[in-house]
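Subject: Structure for you to look at, with notes

Dear colleague,

I am passing on the structure we spoke about, with the sequence alongside. Please open it first, and then read the notes below with it in view.

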Amino acid sequence: MSPASDSHGPRTAAPPVPGGPIAAPIAPALKATRTASPKAVSAKAVPAKAAPAKAAQPKTASGDARIASPPVKTRSDRIMGRLAEERRAPPPALPPPLDGEVGTGVEADRRRGRGAVSNAAGRFEPAARVLFDDGWQTLEDLPPFRTEVTEERARTIITRNQSPDIAFDRSINAYRGCEHGCIYCFARPTHAYQGLSAGLDFETKLFVKPDAPELLARELSHPSYKPRVIAMGTNTDPYQPIERRYELTRRILEVLADFGHPVGIVTKSALVVRDIDILGPMAEKGLAKVAISMTTLDPHLSRTMEPRAASPHVRLGTIRRLADAGIPTAVLTAPLIPALNDMEIERILDAAKAAGASEAGYVMLRLPLEIADLFREWLVANFPDKARHVLNLIRQMHGGKDYDSTFGKRGRGEGPYAWTVGRRFEIAARRLGLAGRGLKLTTAHFRHPKQAGEQLDLFA
């Protein structure tokens with residue numbers, strides 16, 4: 001009697017253990033199963049899990065099997081594949097919605113008109129402070145955030161840098177912190193040096209340098225000073241609301257005009273038109289130009305991102321008034337935020353050109369240090385349906401990270417999305433005549449004005 005049969009007829013062999021070798025006595029039974037008729041096969045016991053059948057390989061004329069090459073994917077297939085992978089990917093780690101009851105979040109009533117939604121301790125602080133509800137409803141008694149101004153005495157006012165990806169090597173900042181409250185402001189982390197938060201403290205606890213004009217005059221008068229363009233508005237806005245009271249920016253411009261020193265200003269405030277009487281004559285000599293920052297033409301988005309800055313139509317009016325006064329005026333589309341305002345590039349440039357802008361530039365969103373957490377919180381609180389998509393695109397531009405501080409990449413990003421945004425901007429700017437290096441300011445008029453009582457130079 002064969003091993004595979006008994007007195008009751010042929011016996012079906014047990015299926016092999018998955019991944020194990022096929023024993024010799026079982027092989028004849030498997031062979032018989034393959035050669036049996038379809039009706040006989042249906043009567044046999046089906047194994048628990050049958051191995052998937054392999055597709056027949058095409059054969060050459062000699063009868064040898066050949067391996068078929070995979071189908072060539074089109075560009076559309078690749079794009080759809082990436083979208084499918086993004087949908088299958090787990091969502092990024094987003095903070096839970098903030099209700100202001102515990103943690104560093106602040107209730108909406110206490111931060112009305114502000115940009116940040118939290119006030120976490122600075123990164124250099126030894127302890128973190130969070131709100132805690134002790135059950136006595138004491139959180140309801142906390143006062144709203146008010147603007148506080150502190151005067152500080154600085155030893156110098158000109159700040160120098162050696163960054164290779166910006167067009168200036170020195171700047172002036174008469175204010176620390178900024179009441180405009182722009183959630184994306186890359187100057188927020190500097191408040192940690194004061195022991196304060198980059199969140200709501202940056203918008204409400206401001207510092208001014210009341211002797212900035214005198215410090216500037218002293219530094220410009222130094223015999224070894226060599227003039228180059230001074231930038232204003234590179235850290236905080238020189239025309240933020242408290243400038244109406246302190247007028248430090250205006251007094252600084254008066255000093256620069258007296259010395260014949262070139263200056264470039266970046267602002268999003270309409271207050272700059274107050275100083276046309278100073279900027280106009282300077283511009284005639286090639287000593288001044290202004291860039292107006294435009295993030296969006298949507299007033300709702302602007303109010304959400306920049307709660308105390310001028311509205312978009314007011315900024316366009318500011319460009320028109322500066323241009324009419326003969327002051328070279330640029331539009332700075334900064335920052336461009338993927339899937340939030342980058343679709344407005346062409347519209348912003350069109351509107352700025354119609355208002356009189358003569359050149360344009362752009363900067364992608366930057367999220368250094370505390371700004372990454374602040375921006376995520378703000379995004380979830382205001383645009384929860386877009387949060388995951390926006391953050392995914394940001395990370396695509398920075399090698400999977402929230403931010404890459406490498407020179408040349410930090411303000412532009414890299415990868416397909418960043419490249420597409422850059423090409424769109426270049427095409428639109430070239431079409432409107434806004435591309436190019438722009439006006440170069442001159443240092444030919446720099447001089448040391450004579451002070452009262454100073455002896456005249458015999459050989460001048």
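Where is the place of Asn173? Before the answer, please keep in mind that this is a predicted model. Asn173 is found in the loop that runs between β5 (170–172) and β6 (175–176), and with a relative accessible area of 12% it is buried. Leaving aside residues up to four places away in sequence, Asn173 touches Ile157, Lys209, Thr234, Asn235 and Thr236.

β6 pairs with β7 in the antiparallel sense over 2 bridges, and Tyr175 stands opposite Val208 of β7. Strand β7 (residues 205–208) is also joined to strand β3 (residues 148–151), in this case by 4 bridges and with the two strands running parallel; here Glu148 has Lys205 in β7 as its bridge partner.

Which residues are buried in helix α8? Within residues 276–284, which form this helix, they are Ile278, Leu279, Gly280, Met282 and Ala283, and the buried residues of α8 pack against α7 (248–259), β9 (263–267) and β10 (288–293). Just after α8, Gly286 takes a positive phi of about 80 degrees.

I also went through the cysteines, and the count of disulfides comes to 0.

Turning to the aromatic residues, the structure holds 6 aromatic pairs. In one of them, the rings of Phe124 and Tyr193 have their centres 5.4 Å apart and their planes at 40 degrees, so the pair is tilted. Phe124 lies in the loop between α3 (75–88) and β3, whereas Tyr193 lies in the loop between β6 and α4 (200–204), so this pair ties together parts that are 69 residues apart in sequence. Phe124 counts as partly exposed, at 48% relative accessibility, while Tyr193 is exposed, with a relative accessible area of 58%.

Another pair is that of Phe259 and Phe446, whose ring centres are 6.2 Å apart and whose planes meet at 25 degrees, so it is stacked. Since Phe259 lies in helix α7 and Phe446 in the segment after α14 (416–432), this pair ties together parts that are 187 residues apart in sequence. Phe259 is buried, with a relative accessible area of 3%, and Phe446 counts as buried at 17%.

Arg123 lies over the face of Tyr193, at 5.4 Å from the ring centre, and the charged end of Arg412 sits over the ring of Tyr362, 4.0 Å from its centre.

Notes
Residues numbered from 1 in each chain as written. Predicted model: local features only at pLDDT ≥ 70, side-chain atom pairs only at ≥ 80, totals over all residues. Heavy atoms only, no water. Buried < 20%, exposed > 50% of the residue type's maximum accessible area, 1.4 Å probe, protein only. Contact = heavy atoms within 4.5 Å. Pairing = 2+ DSSP bridges. Disulfide = S-S within 2.5 Å. Phe/Tyr/Trp six-rings, centres within 6.5 Å; stacked < 30°, edge-to-face > 60°. Lys NZ or Arg CZ within 6 Å of the ring centre and 35° of its normal.
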